[in-house]
Amino acid sequence: MTDFHKGLLAINEQQSSLLGALNKNGADSFLQQEIPTRKTEAWKFTSLYNLTSNEEGYGRLAETHGAAGLDGLATIPALDAQRLVFVNGQYSEELSSNTEHKNVVRFSQADDTQKSIIADNLGTAIEQEKHVFAALNNAIITDGVLVHVGKNEHLKTKIQITHITTPQAKAFTVPARLLIVLETGANATVVEHFASNDDEQNCFVNAITEAKIGDNARLNHYRLQLVQEGSIQIGGVHVDLGRDANYDSFQLGLGAKIVRNDINVNHNVGGSHCELVGVYLPQNKQLIDFHSNIEHKVAQCTTKEVFRGIMADKSKAVFNGRIHIHPDAQKTLAELSNKNLLLSNDATINTKPELEIYADDVRCAHGATIAQLDEQARFYLRSRGISAAEADVMLSFGFINELLENLELDPIRNLIRPILAQRFGRDEELMKHIG
Amino acid sequence: MLTIKDLKANVEDKNILKGLNLDIKPGEIHAIMGPNGAGKSTLGNVLSGREGYEVTGGSAELEGTNLLDMDPEERARLGLFLAFQYPVEIPGVSNLEFLKASVDSVRAAQGKDALDSVSFLKLARAKCKLVNLDQSFLKRGVNEGFSGGEKKRNEIMQMMLLEPKVCILDETDSGLDIDALQVVAEGVNSLRDPNRSFIIVTHYQRLLDYIVPDFVHVLADGKIVKSGGKELALELEEKGYGWLEDAAENGAG
């Protein structure tokens, strides 16, 4: 056991009755795993140095959880949602919706039925021995959020889970857990939203989302990481799909000190569809890493995955898209596309599409590109009087905006577009025609 | 308005324009015809400043200002407009955003304030109607998924919004059916003005039935080899270009 292991496990010494077994298993698994280094294949391009070598260590929870001045961060304008807001890991009654909602509850407030749903499902979509930070999450969570939608119920209200961080006297950890359980034929939209105030952050947010999507059920999932660059965010999404189930997801990450998301989707029964759209936009010296792994275990499932990124300044992004087609997964349709734009000579992208195909009757396509802006398009804009600098901003914006046009929720698009515009514009003059 | 003298240009080290002269007065329409590979499209690209077209000699002045040292955007702001043979698709950038950015840039260069969004939208909708494009085309990505005819009509709409001094139409008729051709021609004709000049680059005489030129020039092997009135276009339609190319070779020899 290293000091790093010990420090983080110290966060949760008192294990609750509901989560006790999960905590214990998680701690055991976490202790058995080495902290990844650059020699670990899945971490080859992403250094954890800033997490593991921090002098203070991250082995403590936050001391303050004040809501003052955070209202603006807690809301997504025009999104009609049941909102649960956490500040530095602690639930904030002040910032959350002031009424209860039968479909969403904190673990600690769960009634007996909800407790049994949690007990039956929590941790079941995760292979913690393969994901050291999921094992850590299993070990250290003391609470979490359950979204449960019953059979054939179509949840009109969107569910919004927001985690806000603010700097603390000493570096700290935020363990966060979301469990989404959709019964047969259920339908829901869940927006996860990570935000921070503008001050230099010193948090390590370890957020794991688990979705159990039943037969014919559909989850529309948004995960937005809009945090200040001092932040460390390591976690992921683990999804189990039932027969003919649908998982539709959009992820946005701006990059920070370390951002690492592991997305794992299991096609378990047949006929299911998974659509992953992702955008990453690091700048300065930020790092962001998306590792996706789609397991086609059975026949007749489809996956469509599109990730795009723009790297500015000295930033770095890592994309690894693995699609694993098992021998029984005949008639699989899988598509993976990853396109990248480098805005500076000092920016880096490490991209790797990884198709592993063990069935013979499948249709798969993948492609990864790293490109500059399109010269034809650039000339077209300039020939209409638009300056080269503004043309570059418009084209960079368009490269990402193309993926936003299909989002179902207008408020999310409206939240993101100005952020995108600022990301590329950085200059009022250059961004006035976009966003 | 536009004076081109002894213009020479290379593309990928190959000499394409070999001393081209053209003098276009305000209000005139000049058609440039010629066989494939004569340098017709090169002329539009050189004048508008596309990268990869290297000017090796001569001059091109718009109202006395030398265009050839300017960036493409500066030329556009000065009043030069190239309607592309192949308008570029730009997904993710809406047509309306693009049009407004363009009009604002050109207006700013003229010392005019930018139009507010509401007035601009109104203006753009009116122009859409004139070129028979549905208003939904303003919301779509620039040229994204437009048919050939829709792309060309979008070019004409841009021309209407920017109100340039010199418009170059680079094979705007290529790939158009007769209805689209008429819409494009009507758009151009509506823009005819004593202070605006046009260069219509085309391979076929067909477009000139609808946009009647003041002068027709034949471009062959990088030079104007023959100039005349609108009747020259009919002669070319009948005889082809062969006899002129031969004449050019003999003349040069």
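Mentor: A residue is called buried here if 20 or more other C-beta atoms lie within 10 Å of its own, exposed if 12 or fewer do, and partly exposed in between, with the C-beta atoms placed from the backbone. By that criterion 53% of the 435 residues of chain A count as buried. This is a predicted model, in which local features need pLDDT of at least 70 and side-chain atom pairs count only at pLDDT 80 or more, while totals for chains, interfaces and linings use all residues. Residues are numbered from 1 along each chain as its sequence is written, and chains are lettered from A and ligands numbered from 1 in the order in which they are written.

The domain assignment, which is automatic or taken from a database, divides chain A into domain 1 (3-371) and domain 2 (374-435), and the C-alpha centres of domain 1 and domain 2 of chain A are 28 Å apart. Where they touch, 19 residues of domain 1 of chain A and 14 residues of domain 2 of chain A take part, a contact being two C-beta atoms, placed from the backbone, within 7 Å. On the domain 1 side, the elements of chain A that give two or more residues are β9 (218-226), β11 (246-253), β13 (273-280) and β15 (302-311), strands being DSSP runs of E of at least two residues and helices runs of H or I of at least four, numbered from the N terminus. That side of domain 1 of chain A has 16 nonpolar, two polar and one charged residues, where Ala, Val, Leu, Ile, Met, Phe, Trp, Tyr, Cys and Pro count as nonpolar, Asp, Glu, Lys and Arg as charged, and the others, Gly among them, as polar. Overall, chain A has ten helices and 19 strands.
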